[in-house]
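This report is meant for someone meeting the structure for the first time. Please look over the sequence and the model before reading on.

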Amino acid sequence: MSMNTAGFLRPRRTSAGQAPPGAAKVFKQSCPGMTVRSNDDPDLKRHETMGSFVGVWSGHAIEAETRYRGSSAGVLTALTTWLLESGQTTRVAGARAGDDPRRTVPVTITTKEEALASSGSRYAPVATLDNCDILAQGTAVVGKPCEVSALRAFHGVASKTEASSPTPLMLSFFCAGTPSSHATEALIARLGFPAGEIPKALWYRGRGWPGRFSATLRGTTRSMSYDESWGDVLGPATQWRCKVCPDGVGESADIAVADYWQSDASGYPMFVEADGSSAIIARTIRGRETLLRAAKAGIIALEPIKINSLADVQPFQVQRRKTLLPRLVGSLLAGRLIPKYTGFRLTKLARERPRIFVRVARGTVRRIRTRAK
């Protein structure tokens, strides 16, 4: 994977050799740029926008430092550390800041110190699955929903054609899209630092909740609110594929974690600094068993909640799912190729609001054609 001029990662061919037999089939059925399938197991409960689930809780890491360092409440960092220290896994594939903290790189985590160094969201391109250990036995994975979808599909296809390693435990999080790396540069400039200089440290969130975008350069640390960094700069810089994503909620994961905001009278999340709180979704029996063992071991706190209470404070994910079909139709009308999505019941959601369907489809056509000029 290599960075292109737009600031996004794209695949780059490294050899002129022939692909192994069956590789094209595996690629077509697992690449989320071509196809994504929801977890539509009939034995699971299902919410129309939050996806399939076995159980839902609010919670946080018990250890104060882990909770503070995490973007939400340190749950993924706590689980990662516990899985390693208890011997349930030998390595965790994840991501953290590179030597140049403006960039994010895939890493293999084997210790608590490495887990803490990887805590906090990274709103920048990274190919977590571009990791030599990703298919090794005893690996767990913390990845974006699209990466987890790809890995789940890969194991499903590969297991039918050849012997494959055991499916790793898959952990994910709610995702609003991947911004261009140029957006990070823009944030640093907005803080008043000289263009092109490499910060000593940079983090997008964490160190409080929701945390602030912060950069340290020449001995000075400056920051801005999460609402400003994401709302003004990072969010508008997400790539097109993310704008037509069917799954920002980690449906293919065993465990998915989300911010569990407090909301105002109109239902909009309030980004007020507080102790972190997460919504934690077990999407498989394996995920539920892992969470309950972690809670019993004193690693995370769990309090059962209703799935609707999570939907109420995740308006972006709700609206994205409900308006996805008209955006896909608009993309097709504007000449774009689109991935194939199955099991998300997009037609049912779109049928409920026909006027909005027309408005969103027309708006998508207009935006795509305007950018193409």
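Two residues are in contact when they have heavy atoms within 4.5 Å of each other. The model is a predicted one, in which local features need pLDDT of at least 70 and side-chain atom pairs count only at pLDDT 80 or more, while totals for chains, interfaces and linings use all residues. Residues are numbered from 1 along each chain as its sequence is written, and side-chain values use heavy atoms, with hydrogens and water left out.

Leaving aside its neighbours within four places in sequence, Phe174 is in contact with Met50, Gly248, Val249, Val257, Ala258, Ile281, Arg283, Leu310, Gln314 and Gln317. A second, separate core of 27 residues includes Leu76, Leu84, Leu171 and Ile300; here a nonpolar core is a set of buried Ala, Val, Leu, Ile, Met, Phe, Trp, Tyr and Cys residues joined through side-chain atoms within 4.5 Å. Buried means under 20% relative accessible area, exposed means over 50%, and partly exposed lies in between, with a 1.4 Å probe and protein chains only. The largest nonpolar core has 34 residues, of which Met50, Phe174, Tyr204, Phe213, Leu234 and Leu310 touch the most other members. Two or more residues of this core come from each of α6 (181-190), β12 (212-217), α7 (226-234), β17 (278-282) and α10 (307-312), and α7 gives the most, with four residues. Such helices (H or I, at least four residues) and strands (E, at least two) are DSSP runs, numbered from the N terminus.

Helix α3 (residues 75-85) is largely enclosed by the rest of the structure, because ten of its eleven residues are buried. Among these buried residues are Val75, Leu76, Trp82 and Leu84. After α3 comes Gly87, whose phi is positive, near 80°.

**Cavities**

Rolling a probe the size of a water molecule over the atoms shows where empty space is left. On a 1 Å grid over the protein atoms alone, a cavity is a set of points where a 1.4 Å probe fits but cannot get out, and its lining residues have an atom within 4 Å of a point. Grid points are joined across faces, edges and corners, and a volume is the space filled by probe spheres set on the points. A search of the whole structure finds two cavities of 30 Å³ or more.

| Cavity | Volume | Lining classes |
|---|---|---|
| Largest | About 40 Å³ | three nonpolar, three polar, three charged residues |

**Two threonines**

Thr323, one of the residues lining the second largest cavity, is found in the loop between α11 (315-322) and α12 (324-333). Thr323 counts as buried because its relative accessibility is 13%. A polar atom of its side chain lies 2.7 Å from the backbone oxygen of Gln319. Beyond its neighbours within four places in sequence, Thr323 is in contact with Arg353, Ile356 and Val360.

Thr221, placed in strand β13 (residues 220-225), counts as partly exposed at 49% relative accessibility. Apart from neighbours within four places in sequence, Thr221 is in contact with Ser214, Ala215 and Thr216.

Key. On a 1 Å grid over the protein atoms alone, a cavity is a set of points where a 1.4 Å probe fits but cannot get out, and a pocket is an open set with protein on both sides within 12 Å along at least five of seven lines; lining residues have an atom within 4 Å of a point. Ala, Val, Leu, Ile, Met, Phe, Trp, Tyr, Cys and Pro count as nonpolar, Asp, Glu, Lys and Arg as charged, and the others, Gly among them, as polar. A polar contact is a pair of N or O atoms within 3.5 Å; within protein, one must be able to donate a hydrogen and the other to accept it, and residues adjacent in sequence count only if both atoms are side-chain atoms.
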